[in-house]
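Hi! Here is the structure I promised to pass on. Have a look at it first, and then read my notes on the pockets below.

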Amino acid sequence: MIRIIQTALELGFGYAPVAIALFLSYRILDIADLSTDGCFVLGAAVSVSLAAAGHPLLAIVLAMLCGAAVGCLSAELQTYFGIPSILAGIIVNTGLYTVNLLVMGWRSNVNLIKGESIFTMFQKAGAGAVSDISLLAAGAALPALFLHFFLATRIGLSIRATGDNPIMVRASSIDPSRTIRIGLSISGAFTALSGALIGQYQKAVDINSGTGVVVIGLACLIIGETVLGKRSVTKSIIGAILGSVLYRFIYAFVLYTQIVPVQGLKLLTSLIVAAAIAAPVLKEKEALRRRMRKEEGKDA
Amino acid sequence: MLELKNVSKTFFPGTADEKQAIKDLSLKVDKGEFITIIGSNGAGKSTMFQLIAGSLLADTGRVFLGGEDVTFVPEHIRSRSIGRLFQDPLSGTAPGLTIEENLALVYLHIKKGSSAFSRVGKEERELLRERLSLLQMGLEDRMKQPVGLLSGGQRQALTLLLATLDVPKLLLLDEHTAALDPASAEKVMQLTDDIVKENGITCLMITHNLYQALEAGTRTLIMSDGRICADLSGEERKNMSVDDLQKLFRETAGKNYAVDRMLLT
């Protein structure tokens, strides 16, 4: 039982940077950046390959840089080349499949059974059993802290304004191409960080390990918002981490009790996300329908 | 300060919808002038503003700002010296950001020696609060609230404050009180007048209100069909009544008058 809780916490923290990244791209910038799946695998591929070559720490840093480059590319496709944002993400994602294979030496999976990871390094340093969890928690906390401070800086506020009121930004001295580029680069770096951490944690990377990461990340974001509300930036960031952990607990619960077959979990996740995003619209339609029925009643 | 030299702009060239919005227009504005602009719908007033601000680039002609040729300078660079207010009171502020964050955003961009990673400190927050209190709307006590909660008049007043936080070389007001209720409109216009006069800002204001056109500012332009067809200043303008202006408008702007009578009140 404790093992289940521990695993849920570890995976929750490990995937949390994806939810934070989506908070930045989807909520703050109002851009549905679908390069997440490929970016996550790229982070994992770079991380595991370099760790296997003996540089586990450098691997994390480099993975984040690669993720930032992906975010930057996705932004350029949207701003400079005028490709609609959803399409730009899909194009990047598709291209990344090949890039990821290349990084993994044209194999569909790479493992780290013999090599050192940051986790084994930490254990050797004497951190003991809690090391994995604290390391992954730090992996979630650092991006969160960074974002908390960053979004109050000049460039951070400019990024928030870009997503909040594009008309205002265009009439101001802020260059929206630049704020989108910086925002998506950071978001890409966070996504890749998550991939890098999870890759070394699981000691393996598979070319298909990113499938559905974007939807799960959105689900985490929405769960967090439901629990903590989305009034302030700080609450939303904490909510993203909390949502990520809660999602893994739900996952563990389903796995343990088998109330839904495990194969059905992705379907369930997409249903949750679709329902959560559709909820405000449905509520409005229902209110209108109720009013119409009431007015009709009056006439008769 | 501002000069347009033989500027033209055509929309949808080569199609059935082709429309020459600005026709070989020239205008010279001196530093400190406050010009009001009237004209019927489609006269090219807003298009002229967009050409000045860089949201549109002129097909022909040149735009000079402060003696510098800015014809091909992108909008966000020109924005450093141009403040703009639009008719929609929601367009100039970010609703999801708090009042304080909106102020900080603009303040950090104009503050000398600030970097991309600068944040607003405690003293500066106090300074912004003081500036906000000049609006006399009690907004200084609501700094932590999102701007989306403010009324249209309050948001337009805040936009005005943001646009003039750093005195701009040029202030463009595109019917900025037209969408407000009469009381708010008067309040915002009063604030505009005070701020413009106090700082000697060069200002262009589009309005549909003939009274406002004569009351505010130092010079009045009548635009029609992509051209400036009357340019009033000095004694001539001083002695003019709203009726005189309406008559002049009818004579110069001519054929569209029947429609405009509805608009010009």
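Let's start with the second largest pocket: 34 residues line it, and nearest its centre lie A:Ser172, A:Ser173, A:Ile174, B:Ser79 and B:His109. (On a 1 Å grid over the protein atoms alone, a pocket is an open set of points where a 1.4 Å probe fits, with protein on both sides within 12 Å along at least five of seven lines; lining residues have an atom within 4 Å of a point.) Among the elements giving it two or more residues are α8 (166-170) and α9 (176-201) of chain A. The biggest share, 4 residues, comes from α3(B). (Helices are DSSP runs of H or I with at least four residues, strands runs of E with at least two, numbered from the N terminus.)

Before you go on: this is a predicted model, where local features need pLDDT of at least 70, side-chain atom pairs count only at pLDDT 80 or more, and totals for chains, interfaces and linings use all residues. Residues count from 1 along each chain as its sequence is written, chains are lettered from A and ligands numbered from 1 in the order written, and side-chain values use heavy atoms, without hydrogens and water.

Now the largest pocket, with about 1,000 Å³ of space (the volume filled by probe spheres set on points joined across faces, edges and corners). A:Arg160, A:Ser232, A:Val233, B:Gly96 and B:Glu101 lie nearest its centre.

How far to trust chain B? Its mean pLDDT (the predictor's confidence in each residue, from 0 to 100) is 90, but helix α10 (residues 257-263) of chain B averages 51. Where pLDDT is low, don't read the coordinates in detail.
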